[in-house]
Amino acid sequence: MTYNFSALSYADFEDLSRDLIGTEIGVRFESFASGPDGGMDGRHAPGTFKTILQCKHYAGTRWSGLKKTMIRERPSIDRLAAERYILTTSLPLSPKNKAELIQIIGPSLKCESDIFGPGDLNGLLRKYPNIVKSHIKLWLSDTPVLERVLHAAQHNFNDLTKDEILEKVRVYAPNPSFNAAQSILENQHILIISGPPGVGKTTLAEMLCYAHLGEMWGLHPIRNLDDGLIAISDKKKQLFYFDDFLGRVALDKNALSKMDSDLARFIKRVRKAPNARFILTTRAPIFEEAKRHSEHLADTQLNISRYLLDVGLYTRRIRAHILYNHLLVSGAPQTHINFLIDSGKIAEIVDHRNYSPRLIALMTEGDRVSEFSADDYPTSFLTTLTNPTQLWDIPFRKHIPRTCQHLLMTLFFCDEFGVQIEDLRVNYGSYHRALSDHYGASQDPKDFEESLKILEGGFIKIIGTRVHFVNPSVRDYLQAYLNDLTLLIIGAKAAVKSSWAQKVWEHGKRLAKSSNEIMPVEQAMLACAFLPIAQEFINLPVSVKIKGTSGYTQYKSTGLSNSERIELMIEWWYASHDSRLISLIIELARNPVDGWDVYRDGETLIALIGKLRGNGYFDDMPRATDIADILEDGAVNTIEKTWIEPELLEDISDVYEEWENYFSSESEVKEAINANVQREFEGLDETLSEMESESTVDEHLEILQKLGKRSGIPDHMIKSASKMADERKWEIEEESSTAPSLSLKNKDSLTGDDFDDIALQMLFAPLKRE
């Protein structure tokens with residue numbers, strides 16, 4: 001194969017040159033900064049004997065351009081005073097051209113053979129074919145290879161065009177994940193690529209598929225394992241590709257149970273086949289859940305972890321190359337690129353806390369870049385990263401339909417760490433309907449599903465069964481957009497979940513504090529709008545039963561706790577003085593949904609009781625004392641009847657100490673706390689036997705000593721507890737000295753990547769042109 005190197009970027013060509021020449025002469029080249037006059041547009045890499053390698057990527061240009069550049073850079077070459085100077089170039093050279101270069105470069109060039117043109121480089125590629133495999137852009141740039149990839153890709157990846165494949169390849173930033181993936185695939189025959197959307201999981205899989213297609217492998221994308229089992233043949237070079245093999249949005253447990261044994265069988269089959277390879281992709285949370293439900297994925301003999309590669313990491317080098325590649329191919333005006341490089345702000349962009357490949361793509365789009373003046377572009381780039389909300393205004397207002405806007409507004413009032421799809425569906429159904437009715441817009445039963453499809457990747461990401469904003473900047477934008485009393489009142493009336501109602505109210509409070517847009521009378525209107533959901537607080541469940549991994553029934557929170565609901569209704573009463581809220585508070589205090597939960601309500605209950613009885617909190621609230629008495633009865637019952645972990649017991653005791661003045665001297669709450677402390681001392685021996693570290697024993701003893709003194713535990717019991725703790729620590733020490741050591745094998749780390757500011761300057765310097 002013969003390559004013309006035209007598909008490579010400057011950085012790609014220089015990396016390739018270092019690999020090829022370094023392998024040929026047995027020298028490891030390392031990049032270093034160019035001369036002070038900035039005349040060197042290539043990287044200089046010192047070897048053992050001050051060997052200098054200079055790379056000139058001039059594919060598609062004229063000889064006169066390279067000649068002019070080398071004449072200009074002669075002083076810089078002389079100053080380097082290298083024992084050996086080597087030049088690589090992608091520009092085809094005639095014998096006459098090489099002879100002229102010898103005269104231009106001067107004494108640093110010892111012989112003509114140290115000038116490597118495209119023909120020489122292709123000779124080295126044939127000599128060292130393994131280097132080609134680590135430079136996928138080079139491999140795919142060969143016309144016959146690209147045609148083979150295009151033909152197979154159109155058959156297997158829908159109707160991709162040659163330009164689309166080339167653009168994917170050019171924007172792709174090669175990183176250690178590719179080599180690691182190749183290694184796993186070559187050695188194990190199986191590769192499971194795991195990671196969240198947007199971090200290169202699918203892109204890496206596609207690059208691997210393209211590379212294998214170029215090597216005459218047959219590609220077999222499969223949607224079920226039966227297809228693979230039928231097609232596999234030991235006589236053919238076959239690459240099987242199963243995208244999102246555990247589900248696109250969530251784990252399909254029924255499907256998993258059906259394919260579980262088939263998956264193990266097919267993996268074993270591929271492992272034994274000399275010419276078969278199998279690439280699978282999956283979202284990390286789905287894979288982890290599947291291992292808990294799958295007999296075979298968790299099988300230690302199958303050892304599925306040896307096939308796993310997590311691609312969710314960006315090193316500084318990778319961040320820089322992503323920016324570099326986008327600037328190279330995005331069509332950004334050259335004047336803007338020059339100003340960006342000269343500004344010295346590249347490092348700030350690459351290291352920015354809000355760095356995101358999607359933000360980088362947005363800020364390097366040709367049309368978007370042209371909206372800024374060239375001299376303002378670097379500052380605007382950083383300003384956008386610092387305050388990225390402005391990036392979302394036009395896309396939100398102009399590029400997505402109203403149904404999608406409603407879904408994003410709904411998501412804003414959900415948990416900031418993501419929301420279950422089904423919970424989002426319920427909240428969206430109510431809010432979308434209310435907004436559509438208010439503004440006279442039409443609705444469709446498929447609005448939710450269609451909106452999810454449209455928004456995923458651009459505005460939202462779906463990880464497992466949870467929906468998140470694709471970037472925190474989307475939430476920041478919506479925070480300002482939703483500073484609208486009308487939208488908040490509609491949201492309050494549409495609330496069907498207690499936690500969602502709380503988020504709407506909290507946003508309204510922030511708006512009232514940060515501006516004069518909501519006056520007290522308007523805040524009262526907002527509070528009154530929550531009355532329908534407040535009336536549901538006495539019925540909406542606070543938790544749901546689920547079956548745990550051990551088979552035992554567990555309870556999962558599904559809304560605000562009873563005490564949190566009471567606190568929220570108290571705030572609504574203070575804003576509105578609607579007496580109906582007082583009645584609802586009393587009813588919920590007497591009959592908490594599913595009963596009081598000491599873990600969710602214990603501390604809050606005690607604090608509420610103190611505030612209701614104290615001065616300066618709920619002074620003018622009707623029936624505050626009656627409510628406090630009802631809550632105290634509830635606190636006593638739940639603390640008495642529940643075994644409480646020492647850490648939580650300490651927290652409850654601390655809160656009681658803070659509000660003790662508002663409880664009677666013979667308070668049953670204190671007695672209930674003391675009874676729990678007594679039980680801890682009585683069961684200490686069993687508790688200590690389950691502890692496996694000395695620090696855990698020390699922490700537990702410290703808590704017991706503190707609670708023991710508060711609760712009047714006799715000194716001899718406290719001293720006995722200390723002695724028992726010392727004995728357990730001695731046992732742990734003995735056990736640790738005889739326990740077998742664990743053999744840990746860490747994955748190759750990508751975090752030790754050394755890529756300093758000089759390397760950044762060198763990477764981007766070739767992008768600067770007239």
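Two strands are taken to pair if DSSP finds at least two bridges between them. The views below show a predicted model.

**View 1. An open sheet of 5 strands in the predicted model.** The strands follow the order β5-β6-β7-β4-β8, and their pairing is parallel. At the edges of this sheet stand β5 (218-221) and β8 (308-310), each of which pairs on one side only. From one strand to the next, the twist averages 20°.

**View 2. The pairing of β4 with β7.** Strand β4 comprises residues 190-194 and strand β7 comprises residues 276-282. The two strands run parallel and are joined by 5 bridges. Serine 194 has threonine 282 of β7 as its bridge partner.

**View 3. Helix α9 across the strands.** Helix α9, formed by residues 176-188, lies across β4, β6 (238-242), β7 and β8. The helix runs at about 145° to β4.

**View 4. An open sheet of 3 strands.** Here the order is β1-β2-β3, with parallel pairing. The edge strands are β1 (51-56) and β3 (115-116), and each pairs on one side only.

**View 5. The pairing of β1 with β2, and helix α2.** Strand β2 spans residues 84-89 and pairs with β1 in the parallel sense over 6 bridges. Lysine 56 has its bridge partner, threonine 89, in β2. Helix α2 (residues 63-80) packs on the sheet, where the helix touches both β1 and β2. The direction of α2 makes about 160° with that of β1.

How values were computed: Residues are numbered from 1 along each chain as its sequence is written. This is a predicted model: local features need pLDDT of at least 70, side-chain atom pairs count only at pLDDT 80 or more; totals for chains, interfaces and linings use all residues. Side-chain values use heavy atoms; hydrogens and water are left out. Helices (H or I, at least four residues) and strands (E, at least two) are DSSP runs, numbered from the N terminus. Axes are lines fitted to C-alpha atoms, for helices over the stretch in contact, and angles run from 0 to 180 degrees between N-to-C directions. Contact means heavy atoms within 4.5 Å.
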